Amino acid sequence: MKPFAYHTPIDARTAARTVASDPKAVFLAGGTNLVDHLKLGVAEPDLLVDITGLTSEEITEDDHGGLRIGAAVRNSDLAADHRVRERYPVLAQALLNGASGQLRNMATTGGNPLQRTRCVYFQDVTTPCNKRDPGSGCAALGGYTRYHAILGASEHCVATHPSDMAVALAALDAQVRVLGPDRERTIPFVALHRLPGEHPERDTVLDHGELILSIDLPPLPLAARSAYRKVRDRASYAFALVSVAAAVEMDDGVVRDARIAFGGVAHKPWRAHRAERALRGAPATDDSYRAAARAELADARPLGGLDGGNAFKVPMLTGALVSTLRELTGKEA
Ligand SMILES: Cc1cc2nc3c(=O)[nH]c(=O)nc-3n(C[C@H](O)[C@H](O)[C@H](O)COP(=O)(O)OP(=O)(O)OC[C@H]3O[C@@H](n4cnc5c(N)ncnc54)[C@H](O)[C@@H]3O)c2cc1C
Ligand code: SF4
C-alpha cells in the first residue's frame, strides 16, 4: 500500500477546502469501500481526510413531512428507523439487501452511493481499465460480463453501479445536499451519477472536494406501498445481477401512479421513466407489467462475453419487475 497522510479537519467546510485544494486527497467515511481500494492499489491518494463527526448522524423531519438523512447516518440505523420503514419501506429493504450486518454498521449514507463499481477488472490493477486508468482500454469488453451493463453503456466502459440503497433513492425522488469549498448546492439524486460516455473515470457530477451533507427524502405518500427486489447469485452477501425498486398508487384495480428504478443494469441507478409512463392508468395485470418492462428495455444492448454474456438480464429484470408489482398491487397472475 502506498503511504498517505491522514487529517481530521475541524469542520465540514475545512474538509471540503482541504480535499478541493489537493487533487490526490479523498474523504474517508466508513472506509468499507475506500480501504479495500487502498489495499488493492485501485486508489492511491496522498491524503485521507476523515469526515467522521463532521456531518450529521441524525434523521430529521422537514417541515413538509419528508426526511433529512445526515451523511454520517449508518446504513444499519437508517434501515431500522421506524419512519423509513413505514413511509419508505423500499429504502429499508434495499439497505437490508446490501452487504452484511457488520458492514452496514460501518457504511454511511454519504459513502454508500459513492462506492465504486465491482467490475472485476476495475479491481484488478494488472488489467486495462478506462475507469481506473483513463485511456488504457476496457478489459471487460470480450471478457466476463455477467455483472455488466445492458443500458446506457459506452465503448469506453460497460460497468454497473453496485449500490442497492442508491436504486431506492433514485425511485424516491431524493435530493442530495452537498458542500463545496465555496458553496452549497442541491442535486436531484437521479442526476448525481453519470453514464460513462467518454469519461468513465467520473462516476458522478460532484466536483472534487464536494462533500455530501445529507440526502433528503420528499414527502411521497405512494412510497408507503413500495418494495425492493434483488436477484443475485447467492441468497446473501452478493451484489445484484438485477434489482427493482418500485412504489405504486392504486385505485380500483388501476395503477394511478408509479416510481420505478432498476439496479445492476447501468453505470448509474436507472430510473425507469418509460415503465412509469406505461403503468400510469394501466390495469394492474401481468400484461401491463410486462409491457412496462418492454417499454423500458427497448434500448437494452446486452453484451457477449467469455461467460456467455448478459442477455439473461432482460428476461430476469422483466420477471423481477412483474413479481414486485404483483406483490405491491396484490394481483395474482
Ligand atoms: C464484502 C462486501 C460486500 C458488499 N455488498 C454490498 C451489497 O450487496 N450492496 C451494496 O449496496 N453495497 C455492498 N457493499 C458496499 C458497501 O455498502 C459500501 O462499501 C459502503 O456503503 C460504503 O460506505 P462507507 O461509508 O464505508 O464509504 P467509504 O468507503 O468511506 O467511501 C466510499 C467513497 O465515498 C466517498 N465519500 C464517503 N462519504 C462521503 C461524503 N459524505 N461526501 C463525499 N464523498 C464521500 C469516499 O471518498 C470514497 O470515495 C459491500 C461491501 C463489501 C466490502
Ligand atoms: S467496464 Fe469500466 S470499470 Fe470495467 S474494465 Fe471496462 S472501463 Fe474498467
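Partly exposed covers relative accessible areas between the buried limit, under 20%, and the exposed limit, over 50%. Keep that scale in mind on this tour of a predicted model.

**Stop 1: Glu327 and Arg229.** Select Arg229. Its relative accessible area is 28%, so Arg229 is partly exposed. Glu327 sits in helix α10 (residues 313–329) and Arg229 in strand β9, so the bridge ties together parts 98 residues apart in sequence. Glu327 is partly exposed too, at 48%.

**Stop 2: Arg146 and Asp233.** Select this pair next. Their salt bridge has its closest N and O atoms 2.7 Å apart. Arg146 is in the loop between α6 and α7, and Asp233 is in the loop between β9 (226–231) and β10 (242–251), so parts 87 residues apart in sequence are tied together. Arg146 is partly exposed at 31% relative accessibility. Asp233 is partly exposed at 41%.

**Stop 3: Arg116 and Asp203.** Move to Arg116. It forms a salt bridge with Asp203, the closest N and O atoms being 2.8 Å apart. Arg116 belongs to the loop between α6 (101–106) and α7 (165–171), Asp203 to the loop between β7 (184–188) and β8 (211–217), and 87 residues separate them. Is Asp203 buried or exposed? Asp203 is buried, because its relative accessible area of 15% falls under 20%. Arg116, at 24%, is partly exposed.

**Stop 4: the network.** Select Asp173, Asp257, Arg259, Arg271, Glu276 and Arg280 together. A network of salt bridges links these residues.

**Last view.** Show every salt bridge in the model: the count is 22.

Note on methods: Residues are numbered from 1 along each chain as its sequence is written. Chains are lettered from A and ligands numbered from 1 in the order in which they are written. This is a predicted model: local features need pLDDT of at least 70, side-chain atom pairs count only at pLDDT 80 or more; totals for chains, interfaces and linings use all residues. Side-chain values use heavy atoms; hydrogens and water are left out. A salt bridge is a side-chain nitrogen of Lys or Arg within 4 Å of a carboxyl oxygen of Asp or Glu. Helices (H or I, at least four residues) and strands (E, at least two) are DSSP runs, numbered from the N terminus. Buried means under 20% relative accessible area, exposed over 50%, partly exposed in between (1.4 Å probe, protein chains only).
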